[in-house]
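Labels in a structural description rest on cut-offs. Below, each label is set against its rule.

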Amino acid sequence: MALVPGSGHSDVPNEYSSESSGKTNPVRKSANYHPNIWGDLFLQSSPHDYMLDDAIKRRAEGLKDQVRRILQTASDPLVEMNLIDSIQRLGVAYHFETEIEEKIKRWYNAWADGLNDGEDLQAVALQFRLLRQHGYNVSPDVFCKFKDNTGNFKENLARDIRSLLSLYEASFLGTYEEDILDEANKFARDHLQLAVHHLSSPLSTLVELALELPLQKRVQRLQARCYISIYEEERNDALLEFAKLDFNMLQSLHKRELGIISL
């Protein structure tokens, strides 16, 4: 095994040793690395141990087509937005990039034409967040309609936790000097913190996760497993099954790759 210079203790002194030829060669220190936490798991396993059978792959392809058709045929804006939000949270959005981008672009064109004047805070905040996540610089002034005559967010908004949560997540897509989003963040956070202990699952879990770290600051792939469990409490459909299979297939692929590089 090659010796690598590095820190750590070694029984071999860092000095020159003489050989019979008269030449001197440096004796290098050996790095005292922490043992591999995986042990010899991947060395003992064959890459074939992590192969999924063809039936699972065919099932996944069939489910993906089902989800694509649902996404393409959805016409209600709020249904569309919630579906895309769930697809992204479940970590399978990379399968539907074209379909999602078409929906997002249509929303933006409607927004630019002034057709985004809905009174549903959840829908407005969700659409704002999705548009900004996809690079569309829409104005946060759309939230002005949810303020009262004193310039504060209306207190009756606090009764709708899902709308508050949507507003809170949207507030993290703000840029410099967008004060209304700073105000939205404080308003939503204060009321969510008061309400979180009185909520039932899975809404309570969603609020706790958002208060701990908003979606904008999370790694999508890492949070997918958590959201699968949350989504499962509310729905049992083709999207959920596809997300589970896709998660398992990617995990299997990562295990095969680890097995190969461990040889």
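Q: How much space lies in the largest pocket?
A: About 500 Å³. This is a predicted model, where local features need pLDDT of at least 70, side-chain atom pairs count only at pLDDT 80 or more, and totals for chains, interfaces and linings use all residues. Residues are numbered from 1 along each chain as its sequence is written, and side-chain values use heavy atoms, with hydrogens and water left out.

Q: What makes a space a pocket, and a residue part of its lining?
A: On a 1 Å grid over the protein atoms alone, a pocket is an open set of points where a 1.4 Å probe fits, with protein on both sides within 12 Å along at least five of seven lines. Lining residues have an atom within 4 Å of a point. Here 23 residues line the largest pocket; Asn82, Asp85, Ser86, Arg162 and Tyr227 are the closest to its centre.

Q: Which helix gives the largest share of the lining of the largest pocket?
A: H3, with six residues. Helix H3 spans 77-89. Helices are DSSP runs (H or I, at least four residues), numbered from the N terminus.

Q: Why is His191 called buried?
A: Buried means under 20% relative accessible area, exposed over 50%, partly exposed in between (1.4 Å probe, protein chains only). His191 has 19% relative accessibility, so it counts as buried. Leaving aside neighbours within four places in sequence, His191 is in contact (heavy atoms within 4.5 Å) with Glu155, Ala158 and Leu164.

Q: How do you know that H6 is largely enclosed by the rest of the structure?
A: Of its 11 residues, 10 are buried, so the helix is largely enclosed. The cover over the buried residues of H6 includes H5, H7 and H8.

Q: What makes Arg68 and Glu99 a salt bridge?
A: The rule asks for a side-chain nitrogen of Lys or Arg within 4 Å of a carboxyl oxygen of Asp or Glu. The N to O distance for Arg68 and Glu99 is 2.9 Å, and the pair meets the rule. Arg68 lies in H2 and Glu99 in H4, so the bridge ties together parts 31 residues apart in sequence. Glu99 is buried, with a relative accessible area of 12%.

Q: What about Arg221 and Asp246?
A: Their side chains also meet in a salt bridge, at 4.0 Å, N to O. The pair links distant parts of the chain, H9 and H10, 25 residues apart.

Q: Are Arg221 and Asp246 buried or partly exposed?
A: Arg221 has a relative accessible area of 28%, so it is partly exposed. Asp246, at 3%, counts as buried.

Conventions. Points joined across faces, edges and corners; volume = space filled by probe spheres on them. Helix = DSSP H or I, 4+ residues; strand = E, 2+ residues; numbered from the N terminus.
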